[in-house]
Amino acid sequence: MFEIERRLEEKGIARRDIVAAAMELYVPHGIEADEAARRLDEKIGRALEDPNISSLLLSAVLLEDELYVKRKDSEIADDPVFLLSDEIIGMAIAEVIGGTYARFEFTRYDQKKPGILSILGPFLDDAVAGLIAGCTSRLYSESMGSM
């Protein structure tokens with residue numbers, strides 16, 4: 001939807017890089033790492049097809065372009081504490097995918113910024129962290145249900 005995967009790739013954010021960042025903080029829950037990575041890739045693919053998630057990711061892409069990339073001396077270059085909309089987008093993505101638990105998972109990824117998250121701007125790092133958090137949270141919930 002909204003060609004969001006292509007748009008992310010144009011920003012240097014490939015799905016394999018999203019999965020790799022997710023796996024950096026993966027906590028084994030009875031699923032081997034290779035299997036977890038495969039399942040996360042599938043979950044991310046499905047999430048990217050959801051119009052709600054795609055539109056939130058698109059908003060992060062557009063906001064980052066408008067408020068960060070296009071401005072030489074952007075007011076948000078250092079992701080200031082007064083900027084909350086980036087966090088809100090990330091948390092919304094996480095919760096749409098994985099519910100309340102995903103909000104806590106979002107905090108882990110937002111604070112540690114593994115892999116590709118460490119090089120993204122203020123909107124895309126949180127949006128992609130939300131995507132990862134939602135998908136990992138679902139994976140953990142599913143694995144707990146099968147125990």
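I began with overall size: the protein chain has 147 residues, for which a compact globule would have a radius of gyration near 15 Å, and the chain's own value of 15 Å agrees with that. The radius is taken over C-alpha atoms, and the globule rule is 2.2 Å times the number of residues to the power 0.38.

I noted that this is a predicted model, in which local features need pLDDT of at least 70 and side-chain atom pairs count only at pLDDT 80 or more, while totals for chains, interfaces and linings use all residues. Residues are numbered from 1 along each chain as its sequence is written, and side-chain values use heavy atoms, with hydrogens and water left out.

Next I looked up the elements, and found seven helices and zero strands in the protein chain; these are DSSP runs numbered from the N terminus, with helices (H or I) of at least four residues and strands (E) of at least two.

I then turned to burial, and found that 46% of the 147 residues are buried, where buried means under 20% relative accessible area with a 1.4 Å probe, protein chains only.

The largest nonpolar core has 44 residues, and Leu 8 and Leu 57 are among those with the most contacts inside it. Helix H7 (122-145) is one of the elements that give two or more residues to this core, and H7 supplies its largest share, eleven residues. Such a core is a set of buried Ala, Val, Leu, Ile, Met, Phe, Trp, Tyr and Cys residues joined through side-chain atoms within 4.5 Å.

Last, I checked Leu 57, which, leaving aside its neighbours within four places in sequence, is in contact with Ile 4, Leu 8, Leu 48, Ile 93 and Ala 127; contact means heavy atoms within 4.5 Å.

Terms used: Buried means under 20% relative accessible area, exposed over 50%, partly exposed in between (1.4 Å probe, protein chains only).
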